[in-house]
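The points below are grouped by topic and may be followed alongside the structure.

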Amino acid sequence: MRSLAGSRLHALTIPALSTLLLAGCASAGPSAADGDESGEATDFCASAPCQNGGACAATESGYTCTCAPGWTGTDCATNIDECAPGPCVHGTCNDQVDGYTCTCAPGWTGTGCEANIDECAPGPCVHGTCNDQVDGYTCTCAPGWTGTSCETPVCVATTCAAQGATCGSIDDGCSGTRDCGSCESGFTCESGTCQPTAPACPCDGMPGWGPPTPPVQCINYSGSMGPGSIYYYLKSNDNGHEGPFVEFAVNGQLGPEPDQCGYVSVANTITAMPLTSQAQVDACIQSFLSFAGSCP
């Protein structure tokens, strides 16, 4: 027997012998089937390792988690970032659990802000064609209309001829003015038409020429100055002598005195200016009457 055993042992190879010895010395580690020292099996899911609604399943070596939608990781602790792919084409992505929302830029709509809002849909162009743009629109107005939405009739400005104007400026009826030209020398623009320029009275602006201190009295000295002329004198009742005067021919005929205008001072001295035309005579009479009001 001893010889036989020695013979059999010798017959084993070195690797086979090592395997036989190690198998006799090693022990298996703990597993869910082995249990703890009390002999009960270990429940790795008892501590609820799967977070955020994940489902735990025990295995021989531990456990696995089946995560709820929107979560990932060994223990389902990581929220899946649904914004990572960039789903919001024209907007800002707001990540949520198992989803996302988009805050769209002006002019865009849709789940992914992918659709351009049609601002022409309400028909904003009253008298024209609408051209849709991002966050706005433009209108191509029909002839005769203007404004952002073609809502205002085009104003047709009037002309000088339509208003009968030949000079000056007129209101064109469209919040503007129109220049109708100027008058030739010797004419003045009055109410849009050229009228002969009225001559100025030579006495206008002369010292003393003007209304005296009231009350005043207008005296007609025509009879005493001889036939063919009229002499008007305006004096103050307070100072007696001082005041303006005009002297002119009757019916275009020169009288014994020249056509003139002027004033009489308190010292009864006369300052006069000659009148060289009927137009000047008329101008001085109107100026004098503006002081006197009327004369006898």
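**Disulfides**

At 29% relative accessibility, Cys56 counts as partly exposed. This residue belongs to a predicted model, in which 16 disulfides are present. A disulfide is a covalent bond between the sulfur atoms of two cysteines.

*Cys45 and Cys56*

- Cys56 is joined to Cys45 by a disulfide with an S to S distance of 2.0 Å.
- The link connects distant parts of the chain, eleven residues apart: Cys45 sits in the loop between α2 (14-25) and β1 (55-59), and Cys56 in strand β1.
- The torsion about the S-S bond of Cys45 and Cys56 is about -80 degrees, and the disulfide is therefore left-handed.

*Cys83 and Cys93*

- A disulfide also joins Cys83 to Cys93, with an S to S distance of 1.9 Å.
- Cys83 is in the loop between β4 (78-79) and β5 (91-96), while Cys93 is in strand β5; the pair links distant parts of the chain, ten residues apart.
- The link of Cys83 and Cys93 is left-handed, with -80 degrees about the S-S bond.
- Cys83 is buried, at a relative accessible area of 17%, but Cys93 counts as partly exposed at 23% relative accessibility.

*Cys160 and Cys180*

- The sulfur atoms of Cys160 and Cys180 are 1.9 Å apart and form a disulfide.
- Cys160 belongs to helix α3 (residues 160-163) and Cys180 to the loop between β14 (177-179) and β15 (187-190), so the pair ties together parts that are 20 residues apart in sequence.
- The link of Cys160 and Cys180 is left-handed, with -95 degrees about the S-S bond.
- Cys160 is buried, with a relative accessible area of 15%, and Cys180 counts as buried at 12% relative accessibility.

**Aromatic pairs**

- The structure has six aromatic pairs.
- One of them, Trp209 with Phe291, is edge-to-face, at 5.6 Å centre to centre and 70 degrees between the planes.
- Trp209 lies in the loop between β16 (193-196) and β17 (216-220), and Phe291 lies in helix α4 (residues 278-292), so this pair ties together parts that are 82 residues apart in sequence.
- Trp209 and Phe291 are both buried.
- The rings of Tyr221 and Tyr231 have centres 6.0 Å apart and planes at 55 degrees, so this pair is tilted.
- Tyr221 is in the loop between β17 and β18 (229-236), and Tyr231 is in strand β18, so the pair ties together parts that are ten residues apart in sequence.
- Tyr221 counts as partly exposed at 31% relative accessibility, whereas Tyr231 is buried, with a relative accessible area of 10%.
- Tyr221 and Tyr231 belong to one aromatic cluster with Tyr233 and Phe245.

- Five strands form an open sheet in the order β17-β18-β19-β20-β21, with antiparallel pairing.
- The edges are β17 and β21 (270-274), each with a single partner strand, so one side of each is left without a neighbour in the sheet.
- On average, and with direction ignored, neighbouring strands of this sheet are turned by 15 degrees against each other.
- Strand β20 (residues 260-264) and β21 run antiparallel and are joined by five bridges.
- Gly262 stands opposite Ala272, which is in β21.
- Helix α4 lies across β17, β18, β19 (243-249), β20 and β21, and runs at about 145 degrees to β19.

**The largest nonpolar core**

In soluble globular proteins, nonpolar side chains tend to be buried together.

- The largest nonpolar core here has 19 residues, and those with the most contacts inside it are Cys201, Trp209, Val246, Cys261 and Phe288.
- At least two residues of this core come from each of β18, β19, β20 and α4.
- The greatest contribution to this core is that of α4, with seven residues.
- Leaving aside its neighbours within four places in sequence, Cys201 is in contact with Trp209, Cys261, Ala283, Cys284 and Ser287.

Key
Residues numbered from 1 in each chain as written. Predicted model: local features only at pLDDT ≥ 70, side-chain atom pairs only at ≥ 80, totals over all residues. Heavy atoms only, no water. Disulfide = S-S within 2.5 Å. Helix = DSSP H or I, 4+ residues; strand = E, 2+ residues; numbered from the N terminus. Buried < 20%, exposed > 50% of the residue type's maximum accessible area, 1.4 Å probe, protein only. Phe/Tyr/Trp six-rings, centres within 6.5 Å; stacked < 30°, edge-to-face > 60°. Pairing = 2+ DSSP bridges. Axes fitted to C-alpha atoms, helices over the stretch in contact; angles between N-to-C directions. Contact = heavy atoms within 4.5 Å. Core = buried A, V, L, I, M, F, W, Y, C linked by side-chain atoms within 4.5 Å.
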